[in-house]
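Thanks, everyone. Please have the chain on your screens.

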Amino acid sequence: MNTKKIISFSLGPLGAAFFSFITMPITAWIFSIEDIGRLSIFQVIVTFSTLLFSMGLDQAYVREYHESKDKPALLKVTLLPGFCLLFIAASLLWILPFQWSEMVFSARDPSVSMLLVICLFCSFLSRFLSLTLRMEERAIAYSMSQLTPKVVMLIFVTMYYLSSIKLDFSELASAFTASQVTVLVVLLFNTKKQWLSAIQSKLDKKYLIVILKFGTPLVFGAVAYWGLTALDRFVLRASSTFDELGLYSVSISFASAGVIIQSVFSTIWAPTVYKWAANGLENEKIEKVIDAVLFFVLILFSISGLLSWLVIYVLPEKYNSVQYIVISCIALPLLYALSEATVVGIGLKKKTIFAMMSSFIALVVNIVALYFFVPKYGAAGAAVSTAISFWVFLFLRTEFSARVWYSFPRVKIYFSTFVVVCLSCLNSLFGSEYKTVFITSWMAFLVLFVVFNFKYVVNIYGVAVKNK
């Protein structure tokens with residue numbers, strides 16, 4: 001993949017993060033912290049449903065794409081099973097709208113359940129259609145699919161801000177639903193040739209069984225991964241208040257720098273590494289990629305620790321603790337991005353059971369950590385629990401990959417990430433009491449890291465000047 005393509009793929013995550021950064025403060029000023037917490041649960045349910053009903057077949061689609069001779073048929077065989085199951089599940093929401101709305105969102109509003117059903121279908125279909133653009137390396141179109149929902153959300157929130165109507169959770173959910181519908185329409189237009197061909201293609205039942213065997217272990221892994229990324233919000237919902245949940249949701253939103261790295265790298269990496277594998281893979285290439293990702297992950301950890309206090313200037317006073325919580329929140333996207341580089345051996349060897357085991361073990365760690373930290377520390381405890389469990393997730397994925405593929409260097413990865421995760425967790429829990437100490441600690445880590453990696457920094461600078 002050339003530099004132009006990489007830049008084009010990066011436009012989506014960069015633009016999405018930019019618009020999210022604008023949208024979140026406006027949302028925080030005009031909606032209650034409880035409604036922001038409810039939206040977080042709403043989004044988590046949509047994400048979980050997409051993971052669950054994809055049945056691991058979205059990953060099978062990516063894995064088999066370059067080896068498949070009939071790509072429309074591949075799209076149909078991977079999308080259809082999950083769509084049918086989603087239709088059955090969504091019918092229950094449609095039948096019992098009051099009960100679902102009250103039980104999950106503490107709001108007896110049937111429109112919320114209806115909006116949720118619409119979002120479930122839009123998110124599921126968008127997942128597969130966006131993968132088509134990604135695998136075809138249609139970078140601009142793929143980036144637009146990421147950018148569109150953020151722009152639509154910003155438009156709606158701005159309209160709410162300028163209006164004089166009374167705002168509650170239903171308006172916030174409506175804005176989110178509108179963003180999901182819009183992106184699906186855009187994707188349907190950009191992939192009309194592919195999905196029309198998929199509809200007309202013949203369903204290969206034998207191939208479906210093969211694909212399901214590949215995807216089934218990934219379903220359990222996907223559910224476990226969802227637990228890693230979302231269980232914290234349900235624990236906060238159950239053992240704390242919507243206020244703490246809203247606080248945590250805003251903190252996650254401000255961890256956008258890490259999400260950029262995760263989105264860009266995940267988008268580019270999977271198609272690239274499987275293409276490399278198809279053409280003969282050199283292990284040295286993988287090691288260079290891992291080193292590069294580790295370098296940027298550690299730099300972003302340090303910068304977030306040094307500059308997190310700036311968020312207090314764009315949020316209401318009641319969100320002041322976000323400056324400490326966000327430092328642990330950034331661990332999720334950054335460590336996940338790094339694990340995507342180190343886990344490549346599992347995908348290449350098709351040992352998906354190890355990916356599932358990594359997710360489940362890390363989930364158990366997350367549950368235990370949430371049990372101890374959330375009752376005492378609330379949103380900060382949830383952030384710390386997720387950071388710890390994602391370090392375990394990174395460790396397990398990396399170890400399993402090294403054992404089923406080849407033993408690449410790993411000590412540097414484990415030690416450096418362990419240090420920044422510990423510092424992040426302590427900062428989130430005790431940052432308000434020792435703010436100066438932690439800022440100094442982050443500065444010291446950054447300086448030491450640059451000194452020990454001076455040659456790497458010089459090389460990066462040299463490449464940047466050369467390509468200027």
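The sulfur of Cys119 has its closest cysteine sulfur in Cys122, and at 6.5 Å that is too far for a bond. To be counted as a disulfide, a pair of cysteine sulfur atoms has to lie within 2.5 Å. Cys119 is buried, at a relative accessible area of 0%; buried means under 20% relative accessible area, exposed means over 50%, and partly exposed is in between, with a 1.4 Å probe and protein chains only.

Cys425 is in no disulfide either: the nearest cysteine sulfur belongs to Cys422 and is 6.7 Å away. Cys425 is buried as well, with a relative accessible area of 8%. Searching the whole structure turns up zero disulfides.

A word on what you are looking at. This is a predicted model, in which local features need pLDDT of at least 70 and side-chain atom pairs count only at pLDDT 80 or more, while totals for chains, interfaces and linings use all residues. Residues are numbered from 1 along each chain as its sequence is written, and side-chain values use heavy atoms, with hydrogens and water left out.

Next, the aromatic rings. How many aromatic pairs does a search of the whole structure find? The search gives 21. Rings of Phe, Tyr and Trp (for Trp, the six-membered ring) pair if their centres lie within 6.5 Å; planes under 30 degrees apart are stacked, over 60 edge-to-face, and the rest tilted.

One of these pairs is Phe31 with Tyr160: the ring centres are 5.9 Å apart and the planes stand at 80°, so the pair is edge-to-face. Phe31 sits in the loop between helix H1 (3-30) and helix H2 (33-54), and Tyr160 sits in helix H7 (residues 139-162), so the contact ties together parts 129 residues apart in sequence. Helices here are DSSP runs of H or I with at least four residues, strands are runs of E with at least two, and both are numbered from the N terminus. Phe31 and Tyr160 are both buried.

A second pair is Phe42 with Phe169. Their ring centres are 6.2 Å apart and their planes are at 75°, so this pair is edge-to-face. Phe42 belongs to helix H2 and Phe169 to helix H8 (residues 169-190), so to speak distant parts of the chain, 127 residues apart. Phe42 and Phe169 are both buried.

Ring pairs also join Phe83, Phe121, Phe124 and Phe128 into a cluster. Then there is a charge over a ring: the charged end of Lys192 sits over Phe189, 4.2 Å from the ring centre. The criterion is NZ of Lys or CZ of Arg within 6 Å of the ring centre and within 35 degrees of the ring normal.

On to helix packing. The axes of helix H17 (residues 352-377) and helix H18 (residues 379-404) come within 8 Å and cross at roughly 160°. That makes H17 roughly antiparallel to H18. For the terms, axes are lines fitted to C-alpha atoms, for helices over the stretch in contact, and angles run from 0 to 180 degrees between N-to-C directions. Angles under 35 degrees are roughly parallel, over 145 roughly antiparallel, 65 to 115 roughly perpendicular, and the rest oblique. The crossing of H17 and H18 is right-handed, where right-handed means the near helix is turned clockwise from the far one by less than a right angle, and left-handed means anticlockwise.

From Glu399 to Thr342, 57 residues apart along the chain, the C-alpha separation is 8.6 Å.

Helix H13 (residues 283-307) holds Leu300, which is buried at 17% relative accessibility. Leu300 lies 8.2 Å from Leu334, C-alpha to C-alpha, and 34 residues away in sequence. Ser304 is also in H13, and at 14% it counts as buried. The C-alpha atoms of Ser304 and Ser424 are separated by 9.4 Å, at 120 residues apart along the chain.

Last, the backbone. Met55 is not a glycine, yet has a positive phi of about 60°. Met55 lies in the loop between H2 and helix H3 (57-64), and is buried at 17% relative accessibility.
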